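Hi,

Here is the structure I promised to pass on. Have a look, and my notes follow below.

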Amino acid sequence: MVTELAKPQNRYQEAFRSLRQAKPTVAWVELVRESAMDRFELLGFPSVRDEEWKYTNLAQLDKSAFIPSTEESKLSSADIADFIYPETKESRIVLVNGVFRADLSATEKLSGIVVLDLFEAIADARYNKIVRHYLARNANYHDKGLTALNTAFLQSGVFVFIPKNYTLETPLQLTLVADASTKSANFPRILIVAEENSSAKIIEDYVSVGNESYFTNAVVEVVVKDGARLEHSRLQHESAKAFHAATTSTELGRGSSYNSTAINLGGKLARHDVSVVMNEEGAECWVDGLYVVGHDQHSDTHSVIDHQQPHCNSHQLYKGILDGNGRAVFNGKVFVREGAMKTDAMQTNKNLLLSPQARVDTKPQLEIYADDVKCAHGAAVGQLDQDQLFYLRARGINPELGKSLLTYGFAEEVIEKIGIESIRTKIDEAVLQRLHTKLEE
């Protein structure tokens, strides 16, 4: 077993040495990268022996010969045309294999905010201290091997800075494209800082050109300061052969609002770790999501919502639709720390199984160390309601279309949260395609 685990680690160590020689950076970033690589050497890939990974086996990823991407992909604007939405055609940033591509981006309507390649921001005296203060702070790499691996391969990424009291009227789309032809390991990195009383909508869109196997390991850190409001939509519809692992770590300030929606459709194996820390009073968050899992797919969501201060509210609704031999995991934890009175926390996970071979493991959890709180959690797993199917059939709707309509209605509660019409439409089409139907039938 030790020998098997050592092989991929040695491969990443060799690539890390090549990266340091090819793309040296400032001293403090070098120290972070070296520290992260040391942690990955110690931790390696997580295994099913780890409690947080007992239902998700990365053995196949361990054995795959993915090489970290260090050269710029040759993808052109024509290759990504299908991933541009009308609402964001002049406010989009594109990363290919984790590397910022200014030639594929459009920033005409982003003049009020700062959007830079992460390493440009590090080299800029105006933003260096901000990046240094927040980078690798919320996404702790010291005890998580995949986060450590992403941090070790810092070479590009996106820095988004929304100034104090500024409202971004146009949504910002961050398109993270994987060039599947390279069969590489990609490490996208995003740092978002929303200053006091600012407001913005951000779409994080994971897509691929081609349908080959590759590995995406993304880390996103979000800082929402006092009174700021951020709507954060995350879409993952990568190659059906891809391995996708992502961490989203968010820190909320006093009286801030964070509204996130994650849609997971693609990938052979997809894992998303979500954490929200409310370390100031009066913060509120919505952490919702939908995973649609088909044959030979595995989706895993782990979330932690940490109430550290009084008068904070959290709302979480995750839904899953599973077909074929699809497998899903949901593990949600809500912590209410000592002294966090007047907390209001609600967590719900609902799963719809369309096949007898489908399986879901769900585990919502509450840990409460304070009095005078209002907290609840629940989980449900079931099939379509036969009475509802009979009702539709009695009104002339064929059974297959009736099944699809009920399944679509189940998903729509989460999809309708996406605030951009063209994206909602695309997600609707993707879900209906997975159900092998159209609404107009």
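What is the volume of the largest pocket? About 770 Å³, where a pocket is an open set of points on a 1 Å grid over the protein atoms alone that takes a 1.4 Å probe and has protein on both sides within 12 Å along at least five of seven lines. The volume is the space filled by probe spheres set on the points, which are joined across faces, edges and corners.

Before you dig in: this is a predicted model, with local features needing pLDDT of at least 70 and side-chain atom pairs pLDDT 80 or more, while totals for chains, interfaces and linings use all residues. Numbering runs from 1 along each chain as its sequence is written, and side-chain values use heavy atoms, without hydrogens or water.

Glu251 counts as buried because its relative accessibility is 14% (buried is under 20%, with a 1.4 Å probe and protein chains only). Its side chain makes a polar contact with the side chain of Arg137 at 2.6 Å (N or O atoms within 3.5 Å, one able to donate a hydrogen and the other to accept it; sequence neighbours count only if both atoms are side-chain atoms). Val222 and Val277 are among the other residues that Glu251 touches (heavy atoms within 4.5 Å).

Cheers

Definitions and conventions. On a 1 Å grid over the protein atoms alone, a cavity is a set of points where a 1.4 Å probe fits but cannot get out, and a pocket is an open set with protein on both sides within 12 Å along at least five of seven lines; lining residues have an atom within 4 Å of a point. Buried means under 20% relative accessible area, exposed over 50%, partly exposed in between (1.4 Å probe, protein chains only). Lists of a residue's contacts leave out its neighbours within four places in sequence.
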